[in-house]
Amino acid sequence: MPRDAADEQLSKQAGTAAASTLTTSNGAPVDSLTASMTAGPRGPIVLQDFTLLDHISHFDRERIPERVVHAKGAGAFGYFEVTTTEGAKICKADFLSTVGKRTPVGARFSTVGGESGSADTARDPRGFAVKFYTEEGNWDMVGNNTPIFFIRDPILFPSFIHTQKRNPQTHLGDPDAFWDFISLRPETTHQVSFLMGDRGTPDGYRHMNGYGSHTFKNVNAAGEAVYVKYHFKTDQGIANLSAEEAGALASSDPDYATRDLYNAIASGKPPSWTVYVQVMTMQQAAAAKTNPFDVTKVWSHREFPLLEVGRMVLNRNPENYFSEIEQIAFAPGHMVPGIEPSPDKMLQARLFSYADTHRHRLGTNYQEIPVNKPFAAKVANYQRDGPMQVGPNGGGGANYFPNSFNGPAKDMSAAWHADKLTGDVQRVETGDEDNFGQCGDYFRTVLDQAARDRLTSNIAGHMVGAQEFIRQRAIANFAAVDASYGKMIADKVAALLKQGKGPAPAKKAAALNPPRSVPSNL
């Protein structure tokens, strides 16, 4: 069986590694890592065996909390290069200032709902996050491989994710929970139609697009603000797996996408993405009939065409997965001058939630971890101490502001663009804001007949496991998009139900050893 670059990693590493002496964590040489220290050949282990205690106690603490979402992923490093002047026209961020300017980046791609050991090929949105190590601090573009999302109000997010996870009693996936929530929140219909279509199972991470999904605000050097959406278009071309291929790979190679990304880079074929923006003026946003800050909808490409900004190239694999990928921490709140949030409700909540997650997973000093450190900028603030503080910690400088002792001073040029807001502070239900119009355009004009057939087959195959009243409610939502959409799903569900699902054939177990009788009424 042929071996690929990932298979040969240890051999390649051995050829470049210098000889070294085995040590304990405090650097003392170790005489053995195959025999514990005992009182005699058959006696108990002695407490003074620090080598054993040091080794096993660290092993006991190797795992950190996995991400609640996006737990399974892969990543790589490279650069972003400016290719046009379009970015500088709308954004004062220095990394966009000059054609040809390169900025180091780190990227992580992931599935969303599965655990760390789940299959790369599961039908799921894919996370698409990029950290730009700019000279003005780190900017994190934290998106997905779809330009939209399931919900538009973040208060629904914990409930939505619970339905994508395991039943709290059976610990199994639950089609009732999935389709109950989906059918009760019809704004999910658009994204579900993406998820259950061809792009729900991309052929690895190299062959998918990335999107900021949210609307952001950009401010240029003249102080002029516009709204933008970010698009990362794969230069490898879109490629997807069929449902059958994805299912087979989940069994034969559950790390398929991780392996594909690693091998491509190790083989000297770095993947790249051309980066574009859509631009909407403040006036256009105010006059828009469709809410431009609704993440369940896209902007028209005819009205707001893609403008090329640059290209991202990933040309370095991580030296160590845990250090550089498991610990890399992306947060939409990590912004730089010229990039600001919009009123998008989902974005507003994510500004808090992501950094809060990292403080839980990695500790309050997570930005001291080398992969997260803004190494191209000088960090100077009044944050001090905390667990795992391994940086200078402000040295002997004043740890309060304001002060009279030459501490870090404010920079008024960093002030954000002012937002003018009006309205009553109240809870506003948004569940009925045209949940079907754009999805209808997608179903009728973007998909051809073969793609519509695959989409409805995938939906029916998943939905058939839910109860009838839930199925009927979900089908009604798809029928509201287009009558033929609902009918195709209903017909396919009916056919699957007619086929039926009989009990699995009983398997004959080996005879009990030792032979014994077991009561039948346990």
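1. Largest pocket. In this predicted model, the largest pocket holds about 1500 Å³ of space. Its lining comprises 41 residues, and Pro374, Val379, Ala380, Asn381 and Gln383 are the ones closest to the pocket centre. Two elements, β4 (137-144) and α11 (345-361), each contribute at least two residues to this lining. The largest share comes from α11, and that share is three residues. Sorted by class, the lining of the largest pocket has 17 polar, 15 nonpolar and nine charged residues.

2. Second largest pocket. The volume here is about 1200 Å³. The second largest pocket is lined by 45 residues, with Val298, Trp299, Ser300, His301 and Gln438 closest to its centre. At least two lining residues come from each of α6, β7, β8, α9 (282-287), α12 and α13. Helix α12 gives the most, with six residues.

3. Helix α12. Which residues of α12 are buried? In this helix, which spans residues 437-446, Cys439, Gly440, Tyr442 and Phe443 are buried. Seen down the axis of α12, these buried residues fall within an arc of 160°, so they line one face of the helix.

4. Packing of α12. The partners of the buried residues of α12 are α6 (189-195), α13 (449-463), α14 (468-481) and α15 (483-499). Two of these partners, α6 and α13, also supply at least two residues each to the lining of the second largest pocket. Helix α12 therefore has a buried face, and it also gives the most residues to the lining of that pocket.

5. Largest cavity. The largest cavity has a volume of about 120 Å³. Of the 15 residues lining the largest cavity, Phe95, Leu96, Trp139, Tyr230 and Val309 lie nearest its centre. Elements that each supply at least two residues of this lining are α3 (86-90), β7 (225-234) and β8 (272-281). The lining of the largest cavity has 13 nonpolar and two polar residues, and no charged ones. Strands β7 and β8 each supply at least two residues to the lining of the second largest pocket as well.

6. Second largest cavity. What is the volume of the second largest cavity? The computed value is about 60 Å³. Its lining consists of Val112, Gly113, Asp124, Pro125, Phe149, Phe150, Phe160, Ile161 and Gln164. By class, six of these are nonpolar, two are polar and one is charged.

7. Cysteines. How many disulfides does a search of the whole structure find? The search finds zero. Among the cysteines, Cys91 is buried, with a relative accessible area of 2%. Cys439 is buried because its relative accessible area is 1%, under the 20% cut-off. Cys439 is also one of the buried residues of α12.

Conventions:
Residues numbered from 1 in each chain as written. Predicted model: local features only at pLDDT ≥ 70, side-chain atom pairs only at ≥ 80, totals over all residues. Heavy atoms only, no water. 1 Å grid on protein atoms, 1.4 Å probe; cavity = no way out; pocket = protein on both sides within 12 Å on 5 of 7 lines; lining within 4 Å. Points joined across faces, edges and corners; volume = space filled by probe spheres on them. Helix = DSSP H or I, 4+ residues; strand = E, 2+ residues; numbered from the N terminus. Nonpolar A, V, L, I, M, F, W, Y, C, P; charged D, E, K, R; others polar. Buried < 20%, exposed > 50% of the residue type's maximum accessible area, 1.4 Å probe, protein only. Arc of directions from axis to C-beta. Contact = heavy atoms within 4.5 Å. Disulfide = S-S within 2.5 Å.
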